[in-house]
Amino acid sequence: MPIPFILLLLLLSLLLWRYRALAKRAVVSATLILGLLSSQLSVDWLARPLEASFPINSRPISGACYVMVLGSAHADIAAASAVQSLSAVALARLSEGIRQLALGQDCQLLVSGWSGELTAFAHAQMMAKAAVELGVDSQRIVQLPLARDTVEEALYAKEIIGDRPLRLVTSADHMPRAMAIFTTHGLAASPAPTDFRARPDFWWRLNADNLLTSQRAIHEYIGRLWFWMTQE
């Protein structure tokens, strides 16, 4: 990831301080990487192609259906509602999942995610509570609280859905990898991307939002490479 990598380069420059030429190169490299990944250029090169892979899905859903919202993160916040406890990414995904539910007449909502050993409740439980707070009937919600990553989400969903169609909801930059995983495991998924981050801006403007967007895109490219390498 960019920030640890940049810090490692700066640490390397200190360790090589006697060798001024190498130390200077490490510092310059760290500065250039930080500047590039914090710019709109990086967003356009890295994140926008991922987010453009699938369009927004507003097609009506006929018959019985499943809408699956992939997990993200939440925090245990004292006196907070479930909606307030969700991360921005999780809330964006859940909001789109509820919108997808409204496109059909007989749909069930699948929510997933484990606790990550950092929270009292599994993420699937918190997503289910938040969905109820936002008006979804609890009888329409199926929880997958043991899924730790996208591959496990696909495996657990397969046990419930089989080869029946589902509407898959996740962040736009994560959707290409998620679709590849779900398709590989025999699920008939229709993509419904949300949480778009590649917004137009001036190319020279540097900010932390661009750095986060670039980091998420790099994470996806590494994840796709790892998924390809681990397939038999």
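User: Which cysteines form a disulfide here?
Analyst: In this predicted model, Cys 65 and Cys 107 are the pair, with their sulfur atoms 1.7 Å apart.

User: How many disulfides does a search of the whole structure find?
Analyst: The search finds 1 disulfide.

User: What handedness does the link of Cys 65 and Cys 107 have?
Analyst: The link is right-handed, with 130 degrees about the S-S bond.

User: Is Cys 65 buried or exposed? And Cys 107, buried or exposed?
Analyst: Cys 65 is buried, at 7% relative accessibility. Cys 107 is buried as well, with a relative accessible area of 2%. The cut-off for buried is under 20%.

User: OK, core packing. Which residues touch the most other members of the largest nonpolar core?
Analyst: Val 67, Leu 86, Leu 94, Leu 109, Val 111, Met 127 and Ile 141 do, in a core of 23 residues. The elements that give two or more residues to this core are β1 (64-69), α5, β2 (106-112) and α6 (123-133).

User: Which element gives the largest share?
Analyst: That is α6, with 6 residues. Apart from this core lies another one of 19 residues, including Met 68, Leu 70, Ile 161 and Ala 189.

User: Stay on α6. Which of its residues are buried, and what do they pack against?
Analyst: The buried residues in α6 are His 123, Ala 124, Met 126, Met 127, Ala 128, Ala 130 and Ala 131. They pack against β1, α4 (82-85), α5, β2 and β3 (141-144). Just after the helix, Gly 135 takes a positive phi of about 105 degrees.

User: What is Val 111 in contact with, leaving aside neighbours within four places in sequence?
Analyst: Val 111 is in contact with Val 69, Ala 124, Met 127, Ala 128, Ile 141, Val 142, Gln 143 and Leu 144.

User: Which residues other than glycine have a positive phi?
Analyst: Glu 117 is one of them, with a phi of about 60 degrees. Asp 195 is another, its phi being near 55 degrees. Most residues other than glycine have a negative phi.

User: Where do Glu 117 and Asp 195 sit?
Analyst: Glu 117 is in the loop between β2 and α6, while Asp 195 is in the loop between β5 (188-194) and α9. Glu 117 counts as exposed, at 69% relative accessibility. Asp 195 is buried, with a relative accessible area of 14%.

User: Switching to the largest pocket. How much space lies in it?
Analyst: About 870 Å³. It is lined by 37 residues, and the closest to its centre are Gly 71, Thr 150, His 174, Arg 177 and His 219.

User: Which elements give two or more residues to the lining?
Analyst: They are α5 (88-101), α7 (150-161), α8 (175-184) and α9 (208-230). The largest share of the lining comes from α9, which gives 9 residues.

User: How do the lining residues divide into nonpolar, polar and charged?
Analyst: The lining has 12 nonpolar, 17 polar and 8 charged residues.

User: Last one, Thr 213. Which helix does Thr 213 lie in, and is it buried or exposed?
Analyst: Thr 213 lies in helix α9 and is buried, at 3% relative accessibility. Leaving aside neighbours within four places in sequence, Thr 213 is in contact with Val 43, Ala 47 and Arg 197.

Definitions and conventions. Residues are numbered from 1 along each chain as its sequence is written. This is a predicted model: local features need pLDDT of at least 70, side-chain atom pairs count only at pLDDT 80 or more; totals for chains, interfaces and linings use all residues. Side-chain values use heavy atoms; hydrogens and water are left out. On a 1 Å grid over the protein atoms alone, a cavity is a set of points where a 1.4 Å probe fits but cannot get out, and a pocket is an open set with protein on both sides within 12 Å along at least five of seven lines; lining residues have an atom within 4 Å of a point. Grid points are joined across faces, edges and corners, and a volume is the space filled by probe spheres set on the points. Helices (H or I, at least four residues) and strands (E, at least two) are DSSP runs, numbered from the N terminus. Ala, Val, Leu, Ile, Met, Phe, Trp, Tyr, Cys and Pro count as nonpolar, Asp, Glu, Lys and Arg as charged, and the others, Gly among them, as polar. A nonpolar core is a set of buried Ala, Val, Leu, Ile, Met, Phe, Trp, Tyr and Cys residues joined through side-chain atoms within 4.5 Å. Buried means under 20% relative accessible area, exposed over 50%, partly exposed in between (1.4 Å probe, protein chains only). Contact means heavy atoms within 4.5 Å. A disulfide is a pair of cysteine sulfur atoms within 2.5 Å.
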